[in-house]
Amino acid sequence: MMPDFYRQNVGIVVVNPKGKVLMCARADQDGLSWQFPQGGVEPDEDKAAAAKRELYEETGLTSVVLLRQLSTPLRYDFPPNAQKRYHGRYKGQEQTWFLFKFTGEDSEINFNIRPEEVEFKAFEWVDIAEAPKRIVSFKKAVYQIVADAFVAYIKEMFHG
């Protein structure tokens, strides 16, 4: 029987001074499987603090400023093969999404902060509209909502 519980998670969109967003290629996939940084929330952890922690653990980034947070968490269900990763404990993830402005240099990106648990192997800065086209199918709907929610703000902030 499939569990009915969603893992608490944060999703992180990082925008650079040119208005492009950070997409990272997963280290555990052949080829380039792109996504935004994301990660679990510890019990009693503030979600904004979790987002900053996860962003640092996965990318090494600390030169960021919080710009926005989506008010409503978004959910997606895991496909059957992803259920195994969590031993069937979760139906999927419930994500609170954050938008951060990156104020550093690309040289700050370091995927080896936690060598025992490297998440990513490459990165690109892309238009936010590109993100839903790059993500695996079971996350596409969430990525489209996130892109739609942040695109106007990014355009206004970076393109007048």
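## About the model

Residues are numbered from 1 along each chain as its sequence is written. Because this is a predicted model, local features need pLDDT of at least 70 and side-chain atom pairs count only at pLDDT 80 or more, while totals for chains, interfaces and linings use all residues; side-chain values use heavy atoms, with hydrogens and water left out.

## A strand with several partners

Let us start with strand β7, which spans residues 92-102. Is β7 largely enclosed or open? Of its 11 residues, 10 are buried, so the rest of the structure largely encloses β7. Buried means under 20% relative accessible area, exposed means over 50%, and partly exposed lies in between, using a 1.4 Å probe and protein chains only.

Which strands pair with β7? Strand β1 pairs with β7 in the parallel sense over 10 bridges, and W97 in β7 is the bridge partner of G11. Two strands count as paired if DSSP finds at least two bridges between them. Strand β5 (residues 64-69) pairs with β7 in the antiparallel sense over five bridges, with V64 facing F102 as its bridge partner. Strand β6 also runs antiparallel to β7, joined by four bridges, and here L74 stands opposite Q95.

## N9, a buried polar residue

Now look at N9, which belongs to strand β1 (residues 6-15). With 1% relative accessibility, N9 counts as buried. What does the side chain of N9 do there?

Leaving out residues up to four places away in sequence, N9 touches Q38, G39, G40, V41, Q93, E94, Q95 and T96. Contact here means heavy atoms within 4.5 Å.

In soluble globular proteins, nonpolar side chains tend to be buried together. The largest nonpolar core in this model has 26 residues, and V13 and W97 have the most contacts inside it. The largest share, seven residues, comes from α4. A nonpolar core is a set of buried Ala, Val, Leu, Ile, Met, Phe, Trp, Tyr and Cys residues joined through side-chain atoms within 4.5 Å.

What does V13 touch? Apart from its neighbours within four places in sequence, V13 is in contact with V21, F36, W97, F98, L99, F100, I128, V146 and F150. Another core, of 18 residues, lies apart from the largest one, and its members include I12, I109, F111 and W125.

## Salt bridges

How many salt bridges does the structure hold? There are 11, each being a side-chain nitrogen of Lys or Arg within 4 Å of a carboxyl oxygen of Asp or Glu. One of them joins D28 and R26 at 2.7 Å, N to O, and R26 counts as buried at 12% relative accessibility.

In another, the closest N and O atoms of R114 and E57 are 2.5 Å apart. R114 lies in the loop between β7 and β8 (120-126) and E57 in helix α1 (residues 47-59), so this pair ties together parts that are 57 residues apart in sequence. R114 is partly exposed at 23% relative accessibility, whereas E57 is buried at 16%. Both R114 and E57 belong to a salt-bridge network that also links E45, R53, E54, E116 and E117.

To finish, find D44 in the loop between β4 (38-40) and α1. The phi angle of D44 is near 65°, a positive value in a residue other than glycine. Is D44 buried or exposed? D44 is exposed, because its relative accessible area is 85%.

Key:
Helices (H or I, at least four residues) and strands (E, at least two) are DSSP runs, numbered from the N terminus.
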